[in-house]
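Here's a quick briefing on the structure below. Have a look at it first, then run through the notes.

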Amino acid sequence: FSSSFISLREIEKKSIKKWALPIKPNGIKQTLCKIVSESVQRPKTTARYAGGRKEKALENLDAGNATMEDHRVLNGMACAWCGGNLPKASFQKGVESTYCSQECAEEGRLRRGGMYASTRVRAQVFSLENGICQKCGIDANALYLRINSLEPPERLNALMAAKWKLPKSSKALQNLLHNPKESDFWQADHILAVAEGGGDAGLDNLRTLCSPCHQVETERLRGRLKLVDKSNSDTKESSRDIRTWFASQSRPMEKAKEQQRSSSPVCIDLDTG
């Protein structure tokens, strides 16, 4: 059990710890499958952030149909994520609370969006995985800290020694050498891409990838999306071909009917009564 547990991603360890039912010594993988099957029941969406109870209350307010519950959320009297009651301690002098629980705080910071949403998402993922790439295993955050501590002339040698894949463009390379940023070294990646329905993601759909691994995954995503676009285009073309075929079959029939009408004898009634 211990060796299987240690090999898990941090988010998987967290899910196992929250699981209320007993787990057999050799049943960690089966339990994770159950947890994943429950999490994937969330509707797929290509919206990066779907918003919480406060965002829905704002929508209702703009539409002119805000309820009392909406006003409670907007006035800071209820949880901004779920709309539930805030704890009594939240209403003490000098205390400001946005969420009713730690679970709502984690979900809200990840999925409500807003100006600092990307920063909050990175912070949540970093708290679990510490900037370690979940594909190749490199400690990308430690590499960033090391590179940032060096002088620009030393940085290129250090990156090459770490076998880091350098940017292709000279401008990006110069920026990396002269003004390295944490976001140059690791990304909070959607396991199921937003473009494929993985939007409004919780931590179960997020992972740390170093920037080179993230670039590889991005290229693969582009390839998949091109195939989808081509498939949709072929379907439309096929539908158009079918309509064209039916139209071509109907023209001879209409022409034959027209010829038949034109070749039929004309009967003139000469009876003048």
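This is a predicted model: local features need pLDDT of at least 70, side-chain atom pairs count only at pLDDT 80 or more; totals for chains, interfaces and linings use all residues.

**Cysteines**
- The sulfur of Cys136 has its closest cysteine sulfur in Cys133, but at 3.7 Å that's too far for a bond. Cys136 itself is partly exposed, at 45% relative accessible area.
- Cys104 is buried, with 10% relative accessibility.

**Salt bridges**
- Asp70 pairs with Arg53, with the closest N and O atoms 2.7 Å apart. This one links distant parts of the chain, since Asp70 sits in helix α5 (residues 68-74) and Arg53 in helix α4 (residues 53-63), 17 residues apart. Asp70 is buried at 0% relative accessible area, whereas Arg53 is partly exposed at 21%.
- Glu107 and Arg111 form a salt bridge with their closest N and O atoms 2.5 Å apart. Both lie in helix α6 (residues 102-111), 4 residues apart, or about one turn of the helix. Glu107 is partly exposed at 23% relative accessible area, and Arg111 is buried at 10%.
- Arg122 and Glu182 meet through their side chains at 3.1 Å, N to O. Arg122 counts as buried at 14% relative accessibility, while Glu182 is partly exposed with a relative accessible area of 30%.
- There's also a salt-bridge network, linking Lys135, Asp189, Arg207, Glu217 and Arg220.

**Helix packing: α8 and α9**
- The axes of α8 (residues 140-149) and α9 (residues 152-161) come within 9 Å and cross at roughly 155°, so the two helices are roughly antiparallel to each other.
- On the α8 side, the contact uses Leu143, Arg146, Ile147 and Asn148, which meet Arg155, Ala158 and Leu159 in α9. That set splits into 4 nonpolar, 1 polar and 2 charged residues.

**His190**
- His190 belongs to strand β1 (residues 186-190) and is buried, with a relative accessible area of 16%.
- Leaving out residues up to four places away in sequence, His190 touches Arg48, Gly198, Ala201, Asn205 and Leu206.

Key. Residues are numbered from 1 along each chain as its sequence is written. Side-chain values use heavy atoms; hydrogens and water are left out. Axes are lines fitted to C-alpha atoms, for helices over the stretch in contact, and angles run from 0 to 180 degrees between N-to-C directions. Angles under 35 degrees count as roughly parallel, over 145 as roughly antiparallel, 65 to 115 as roughly perpendicular and the rest as oblique. Contact means heavy atoms within 4.5 Å. Ala, Val, Leu, Ile, Met, Phe, Trp, Tyr, Cys and Pro count as nonpolar, Asp, Glu, Lys and Arg as charged, and the others, Gly among them, as polar. Buried means under 20% relative accessible area, exposed over 50%, partly exposed in between (1.4 Å probe, protein chains only). A disulfide is a pair of cysteine sulfur atoms within 2.5 Å. A salt bridge is a side-chain nitrogen of Lys or Arg within 4 Å of a carboxyl oxygen of Asp or Glu.
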